Amino acid sequence: MYEDLMNRATAAFQSGKTKDVAFRKRQLQALLKMYEENKEPMARALAADLRKPKQESYVCEIEFLINDLKNMLNVVDDWVKPELPKKGLVNIMDQVLVYPDPLGVVLIMGAWNYPIQLPLLPLAAAIAAGNVAIVKPSEIAVNCAKIIMEMLPKYLDNDCYHVVCGGIPETTELLKHKFDYIFYTGSGRVGKIIYEAAAKHLTPVTLELGGKSPCYVDNSVDISIAARRIMWGKFMNAGQTCVAPDYILCTKEVQEKFVNEAKIIVKEWYGDDIQRSPDFCRIINQANFQRIAKLIDGGKVALGGNTDPEDRFIEPTILVDVKGDDLVMQDEIFGPILPIINVSNAFEAIKFINSKDKPLALYIFSNRTADRDAIISNTSSGGVCVNDTIMHMAIDTVPFGGVGPSGMGGYHGKFSFDTFAHKKPCLVKKIDKLGEKLADARYPPYTDGKIKYLSFLTKNRKIPSIPYFSHVLLFGLGIASAILVQQAMPEM
Ligand code: NAD
């Protein structure tokens, strides 16, 4: 299965079409046009799958894609240029370059929670870096998969960019083929399947996974602001966000204040009847609804707790006095339930965090610098955000990704482009008599004089950043090496 598709994709890459930077830019322009012309249909598909509110669809998916693409179009000419790294003395006369080489045919697999953004954000980078790409949207967000399937071929080159729809059987077949890169977003459970399939072909991967992202809150912050920022990150997309704060760590005193604020905020945001609010998402399907609803059972509910299976509605819910071994603390919640675990200080929080898998995000709400530093330097997480949630992943000059069980690799901005490019170093030397004379100490027969000369030449030197210092140093080193060559000459 998929032999024809793979043959077509491979032939397209081998044709060299995607190496042409002008071609890549035309494709990126076409992708931009696709987004601009299909904002409303995309928002409708998101609403159909998740009842995603228009604002969340625009800000977190459609405009997010558009901004990323516009930035890429502004800078892609620079990104595709070979880099000129610093050179040591040995290569001072040579050209040293690093080419960002396309990898080949890449597979991009998205998850259902941000079903338009997740498969398409990496696609733009794959195009910019000169690859042929096959996009596999999540079959669980049916309407979004359908619209991607319909839109993409109308705008992008049909030989180079393909969409495959389908579930586990189709993906299993697809993964039997050899790709040059696999970019996967989804759960760690499936991540292992992807990694194993990729290993069979030694295919490199990015795994954008999830996990339980902790949120530490102390009494030094304004709880009403902290609560807003935490609840926004948690209840957006009904908690179905990979970097949503999964649980809170705080004292009993902070817990009480937090719950009081949360009650006010929920009313303010969603009104008296949350189920009727247009601003609150639904759980993607029954399987996920049942899984999440079960987590409320037996918990101490301080807010919310209502569910409606017919509507796949789960009210924003806060559970208090939760223990580390409770059901809700076993796996990533990925739904609108916020458990609070009591710790007495930052050090207990560190201990708790380190007893779990390394999370994708770590949130700290504190104005105590020493505590913040202690948490940051004594824990490991994909990223950290202090006094806010989610916002760190919107900065396109920093990599976004996990560590350990929360993922491998990072993307966004230039990091996305680098993900889909092989950094190919290239040394270009002249064939000249002087260069040959200076370098011929490397040839046998070996002597002590040659060792002395080569040690001097290859020694790693720290060059201070004083203007023209390096020129002066090089001049001095040039004279010194000439003397050493002279001295080594009789033995050479
Ligand atoms: P999902 O079910 O949509 O699966 C993701 C992809 O894997 C889909 O394309 C799907 O078709 C494919 N897939 C599913 N089962 C498979 C199998 N057995 N074999 C081969 N392919 C298979 O999404 P999900 O896994 O439920 O996603 C939710 C998880 O994703 C959460 O853990 C969340 O934290 C994580 N996530 C991470 C990020 C991130 O950027 N790090 C973003 C979104 C979601």
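The following dialogue examines how terms are applied to a predicted model.

Modeller: The model is predicted, so local features need pLDDT of at least 70 and side-chain atom pairs count only at pLDDT 80 or more, while totals for chains, interfaces and linings use all residues. Residues are numbered from 1 along each chain as its sequence is written, and side-chain values use heavy atoms, with hydrogens and water left out.

Biologist: Why is Gln-255 called buried?

Modeller: Buried means under 20% relative accessible area, exposed over 50%, and partly exposed in between (1.4 Å probe, protein chains only). Gln-255 has a relative accessibility of 7%, and therefore counts as buried. This residue belongs to helix H10 (residues 252–270); helices (H or I, at least four residues) and strands (E, at least two) are DSSP runs, numbered from the N terminus.

Biologist: Which residues are in contact with Gln-255, leaving aside its neighbours within four places in sequence?

Modeller: Contact means heavy atoms within 4.5 Å. On that basis the partners of Gln-255 are Cys-250, Val-320, Asp-321, Ile-340 and Asn-342.

Biologist: What makes Lys-200 exposed?

Modeller: The relative accessible area of Lys-200 is 68%, and the threshold for exposed is over 50%, so the term applies. Lys-200 lies in helix H8.

Biologist: How do you know that the buried residues of H11 are on the same side?

Modeller: In helix H11 (residues 286–296), the buried residues are Asn-288, Phe-289, Ile-292, Ala-293, Leu-295 and Ile-296. They span an arc of only 145° around the axis, and are therefore on the same side of H11; the arc is that of the directions from the helix axis to the C-beta atoms. Ala-287 and Lys-294, on the other side, are exposed. Among the elements against which the buried residues pack are strand S9 (300–303) and strand S12 (317–322).

Biologist: How many residues of the shell around the ligand are nonpolar, polar and charged?

Modeller: The shell comprises 14 nonpolar, eight polar and four charged residues. Ala, Val, Leu, Ile, Met, Phe, Trp, Tyr, Cys and Pro count as nonpolar, Asp, Glu, Lys and Arg as charged, and the others, Gly among them, as polar.
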